Amino acid sequence: SPASVAAQSAPTDAEIQTAYRANAARFAASQTRTVSQVVIADQAAANRVAQAVRGGQSVTAAAAPLGLEATTLTGQTQGQLAARTSADIAKSAFAAQQGAVVGPVRSPLGFVVLKVDAITQVPGKTIEQARPELVAELTKTKSATALGAVQEKIDSGITDGATFDEIVADAKLTAQATPPVTAQGIDPMKPGQ
């Protein structure tokens, strides 16, 4: 069980530092953006919408006369925005200031006009702030590895023809006996078990 390998599963400081460095991007300071956007098939119409938004209208209000609905993408990293739009659009959106209108920018579906509604700075985590998260992840991984090693040792003992007692001693385990059970694995004295 995980409890039986708990001593081997606790990560060392060196392992925590290595995991922190390996996940530097995950714990680094970052920025997310909330953008409103509309995709328009015609470039001339996209230019009119962009001009209306630059004039103070919301993207939703500017797109409504064309029968189009704007979408709002909240809390997007540059990678997330690129996955939902395109790399060029995400790059333009992350180069713009809050309140700026980007576009029209060509996309596979037409021309995108977007407005940067909000910019949120996400602070990075120091190694001490990330420690609980890393300890939990490393403990889980090391526990699974240790349990796998014990299972492998048991399997090797069985393959090599070792006795039950030899396998238990070799794997440094403690044998436990069940109460008498039926062929279905039920204790007649405690049917609920």
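Predicted model: local features only at pLDDT ≥ 70, side-chain atom pairs only at ≥ 80, totals over all residues.
Which helix does S9 lie in? It's helix 1, residues 6–9.

Residues are numbered from 1 along each chain as its sequence is written, and side-chain values use heavy atoms, with hydrogens and water left out.

Back to S9. Is S9 buried or exposed? Buried, because its relative accessibility is 3%. The cut-offs: buried is under 20% relative accessible area, exposed is over 50%, and partly exposed is in between, with a 1.4 Å probe and protein chains only. Leaving aside neighbours within four places in sequence, S9 is in contact (heavy atoms within 4.5 Å) with L138, T139, K142 and S143.

Next, S58. You'll find S58 in the loop between helix 4 (43–54) and helix 5 (59–63), and at 38% it counts as partly exposed. Its side chain reaches the backbone nitrogen of A61 at 3.0 Å.

Now the backbone. Most residues other than glycine have a negative phi, and most peptide bonds are trans. Here, G103 and P104 are joined by a cis peptide bond, omega about 5°, and P104 is in strand 3, residues 101–107. Then there's K172, not a glycine, with a positive phi near 55°. K172 sits in the segment after helix 9 (164–170), and at 72% relative accessibility it counts as exposed.

Note on methods:
Helix = DSSP H or I, 4+ residues; strand = E, 2+ residues; numbered from the N terminus. Polar contact = N/O pair within 3.5 Å; in protein donor to acceptor, adjacent residues only side chain to side chain.
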